[in-house]
Amino acid sequence: MYVEPDWAFGSVHYELMKRLYQYGFDCQLLSWNQGYSVEELIELDYNTDIWLTTPHGYRYLKYVYDAIEPERCVVVAHASIDIDELKFYNYLDDFNRFKSYGVVSEFLKFHSINSGIARIPVVCPVGINFNNFYSKPSEELKTIGFAGAYRDPSETITNSITDVSDLFKIHLSKKRGYLVEQCASTVNLEYKIANAYHHSYVTMGGFYKSVDCVIIPSSEEGAGLPALEAGAAGKLVIGAEVGHWKQRIGDKGGVIVPIDEQSFKSQTTEVLNFYKNNPSSYRKKCSEIQEHARTYDWEHVIHHWINILNTQ
């Protein structure tokens, strides 16, 4: 696997490696945060059957290092920016050459099609280790958490894309973490942002235990791990129907609010006030969310990844 070794990618791929090992796959993770020589990548390829990576990782392996051919790669997109990056570089034809091509949600499947990619991707949903995040649900709603990537809302976002970094800024702007802080302030609840003091996905289980509600304010997600992780922790989950919410989370796994910013804030604060003032309803909803979250475990989705890796 050639991916980032931490945060969402680390959480997904290290756990994926554990599960794949049980099915006869001997996996290693090669961090793309480290530079490599072309020679060592070519030598590694001699002993590698499959390179599992993302479109971004593939671009480096093929076009930066000029070491690994697309036919050697199983490429899975985890966000729209993954697909947009190869489109920006006019590499859309490469999708037809990958050994296998997948995405982590139905949303990304349609984004891929609408981006002009002829090859229809296989949907490979991501999972979590339910036991890593499980905790006893809170008794009442006091603290709200935000577990996503945070961008300063004052940062200027341009619609003129001249570099791939512009794509990343646009992608990050869709996280809208500032809305969580605004909602918490409106209903007079404590607010905690994970990446203000957490430095690894390994420590995130403790974060979810320290809050009573996790809000997913994104206007777009490729999938969305925080909703799954917070659900397993037995916390109230609030978010718009983005990413894999419709297929994986639904009404049982959280409370759905509109995507539009003003409507999002209005309905989210209404939901927060209700559960803040009705502890018994809050506890009942958290228990329902946690029970549904058992379906998020890797055991329920690993077969999709086995199938894409076994594709000839």
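How many salt bridges does a search of the whole structure find? The search finds 14. Keep in mind that the model is predicted. The stops below visit some of these contacts.

**First stop.** Select K62 and E69. The two form a salt bridge, with 3.1 Å between the closest N and O atoms. Colour them by accessibility: K62 is buried, at a relative accessible area of 14%, while E69 is partly exposed, at 32%.

**Next stop.** Select K175 and E221. Their side chains meet in a salt bridge, 3.1 Å from N to O. K175 sits in the loop between helix 7 (164–173) and helix 8 (178–186), and E221 in the loop between strand 9 (213–216) and helix 10 (225–232), so the pair ties together parts that are 46 residues apart in sequence. Is K175 buried or exposed? Its relative accessibility is 12%, so K175 counts as buried, the cut-off being under 20%. E221 counts as buried too, with 13%.

**Next stop.** Select helix 13, residues 279–293, and find K285 and E288 there. These residues lie three apart, about one turn of the helix. A salt bridge joins K285 to E288, and the closest N and O atoms are 2.9 Å apart. K285 counts as buried at 12% relative accessibility, whereas E288 counts as partly exposed at 37%.

**Last stop.** Which residues are linked with D297 in a network of salt bridges? Select E15, K18 and R19 together with D297 to display the network.

Notes
Residues numbered from 1 in each chain as written. Predicted model: local features only at pLDDT ≥ 70, side-chain atom pairs only at ≥ 80, totals over all residues. Heavy atoms only, no water. Salt bridge = Lys/Arg side-chain N within 4 Å of Asp/Glu carboxyl O. Buried < 20%, exposed > 50% of the residue type's maximum accessible area, 1.4 Å probe, protein only. Helix = DSSP H or I, 4+ residues; strand = E, 2+ residues; numbered from the N terminus.
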